Amino acid sequence: MAKMRRRDRGFRVKFVGEAGDDYGGLYREAFTNLCAELQADSSELLQRCPNGQHSLGSNRSSFLARPSASSPRALDGWRMLGLLLGCALLQRDTVLDLELCEHVWKVLVGSPLDEADLAGFDDAAANSLRSLRHIDREGVDAALFGDLFFNCFEVELSDGSLVELCDGGAALPVTFHNRHAYCGLALAARLAEGRAGYAAMRSGVASIVPCGRLLALLTGKELERLACGVADIDLAALRRHTRYGVGVSPSQSHVKHFWSALEAFSPEQRRAFLKFIWGRNRLPLTEAEWGDATMRVHALETLTPDQHLPVAHTCFFSIEWPKYTSLHIAKAKLSYAITHCAGIDADNTSEARANALADAFAHLEGDGGAASSDAPRGAASSRLARTSSSETDASNV
């Protein structure tokens with residue numbers, strides 16, 4: 001079993017081409033970005049579940065394993081995901097922004113699956129198997145069955161591929177009398193999708209934490225909450241853990257605009273805000289997990305506040321908030337900042353400066369991979385920069 005030397009971070013992060021020095025913010029941001037890539041359309045490991053693909057049933061925004069993700073390269077990826085899950089279980093400030101189907105978490109803790117779990121990610125398939133199993137209730141008998149059904153002993157998986165349910169299944173027709181055997185085999189095959197990947201993921205977890213003993217004590221939902229927290233941002237909890245800088249009060253109009261803007265945001269925007277200010281997009285679950293962490297709201301002093309964007313200090317969970325003159329302007333500025341200001345910049349340490357000068361694409365020929373010079377990243381403007389830390393305040397970590 002691997003041993004972590006630190007419970008707050010498993011490694012240090014450097015973002016090439018960005019002037020950020022890792023005092024915690026870059027580490028949290030790396031986990032958030034990894035989860036976003038895992039759930040992208042181009043992901044080699046995960047795909048949106050059939051309910052999401054066809055806008056049917058529940059859990060439409062959830063992901064599951066690609067049935068084909070079982071190559072040696074894919075299994076290494078699954079083990080890496082297990083390592084990240086182990087970090088999330090051990091570290092109070094680390095959460096995974098993963099929206100996996102409920103049955104995936106049940107598989108990880110070793111809970112049995114049934115037809116209801118199939119409906120949780122492929123409602124159409126579950127309904128089809130249920131209807132086929134009880135087709136006699138619709139007045140269909142053995143003589144009529146062959147005129148209505150032309151299936152063989154094979155089943156379509158979540159990625160659209162066909163697999164045989166037995167040797168020669170593609171040539172074995174489903175009949176009125178063997179339909180129950182077909183339904184049982186089809187259900188088992190669908191619930192077994194991705195098992196090789198999930199097993200590799202579990203082995204990754206086991207290299208960090210005593211997997212067998214820990215996971216056996218949890219339900220799937222409990223494991224998900226421990227690893228991922230709650231998806232939506234509880235603004236009441238965030239208010240309770242907010243402190244204000246010198247000269248800033250919750251009764252001031254621009255501070256009221258700040259909270260009103262967050263209340264008006266969608267859940268996705270609130271999560272983007274938390275990533276902008278803290279490098280993670282889910283709040284701690286309990287007071288114990290909060291610990292001493294508080295969001296700090298400071299004033300960004302300027303004569304022209306409506307022309308400025310807010311500045312966030314990700315490592316220190318703080319924001320410099322201009323004294324906007326209206327809620328409309330406050331919402332527009334904050335929305336722009338959380339959407340477009342993704343760079344962690346303006347740290348004045350030697351390491352941060354070295355990161356900013358590094359070129360992630362230096363090994364590539366030509367300039368096809370270079371970032372656009374007018375992209376809203378880098379330290380071109382302190383109003384746009386989202387800073388992680390600086391040499392002068394690093395001692396406060």
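Predicted model: local features only at pLDDT ≥ 70, side-chain atom pairs only at ≥ 80, totals over all residues.
Colleague: Which residue lies over the face of F176?
Modeller: R179 does, at 4.3 Å from the ring centre. A charge is taken to sit over a ring if NZ of Lys or CZ of Arg is within 6 Å of the ring centre and within 35 degrees of the ring normal.

Colleague: Where do F145 and F176 sit in the chain?
Modeller: F145 is in helix α7 (residues 142-148), while F176 is in the loop between β4 (162-164) and α8 (179-191), 31 residues apart. Helices (H or I, at least four residues) and strands (E, at least two) are DSSP runs, numbered from the N terminus.

Colleague: And are F145 and F176 buried or exposed?
Modeller: F145 and F176 are both buried. That word means under 20% relative accessible area, with exposed over 50% and partly exposed in between (1.4 Å probe, protein chains only).

Colleague: What kind of pair do F258 and W321 form?
Modeller: An edge-to-face one, 5.1 Å centre to centre with 70° between the planes. F258 lies in helix α13 (residues 253-264) and W321 in strand β8 (residues 318-322), so the pair ties together parts 63 residues apart in sequence. F258 has a relative accessible area of 0%, and W321 is buried at 0% too. Ring pairs also join F258 and W321 with W259, F273 and Y324 in a cluster.

Colleague: New topic: which residues touch the most other members of the largest nonpolar core?
Modeller: Among its 64 residues, those are W78, L85, L96, L98, W105, Y182 and Y198. Helix α3 (residues 72-90) gives the largest share of this core, 7 residues. Another core, of 31 residues, lies apart from it, and includes W259, L309, A330 and C341. A nonpolar core here is a set of buried Ala, Val, Leu, Ile, Met, Phe, Trp, Tyr and Cys residues joined through side-chain atoms within 4.5 Å.

Colleague: What is W105 in contact with?
Modeller: Leaving aside neighbours within four places in sequence, W105 is in contact (heavy atoms within 4.5 Å) with L85, L100, G220, L223, E224, A227 and C228.

Colleague: Which residues of helix α11 are buried?
Modeller: In α11 (residues 220-228) they are G220, L223, A227 and C228. They cover an arc of only 100° around the axis, so they are on the same side of α11; the arc is that of the directions from the helix axis to the C-beta atoms. Next comes G229, with a positive phi near 70°.

Colleague: And what are the buried residues of α8?
Modeller: R179, Y182, C183, A186, L187, R190 and L191. Their arc is only 155° around the axis, which puts them on the same side of α8. They pack against α2 (50-54), α5 (115-121), α6 (123-133), α7, β3 (154-156) and α9 (195-206).

Notes:
Residues numbered from 1 in each chain as written. Heavy atoms only, no water. Phe/Tyr/Trp six-rings, centres within 6.5 Å; stacked < 30°, edge-to-face > 60°.
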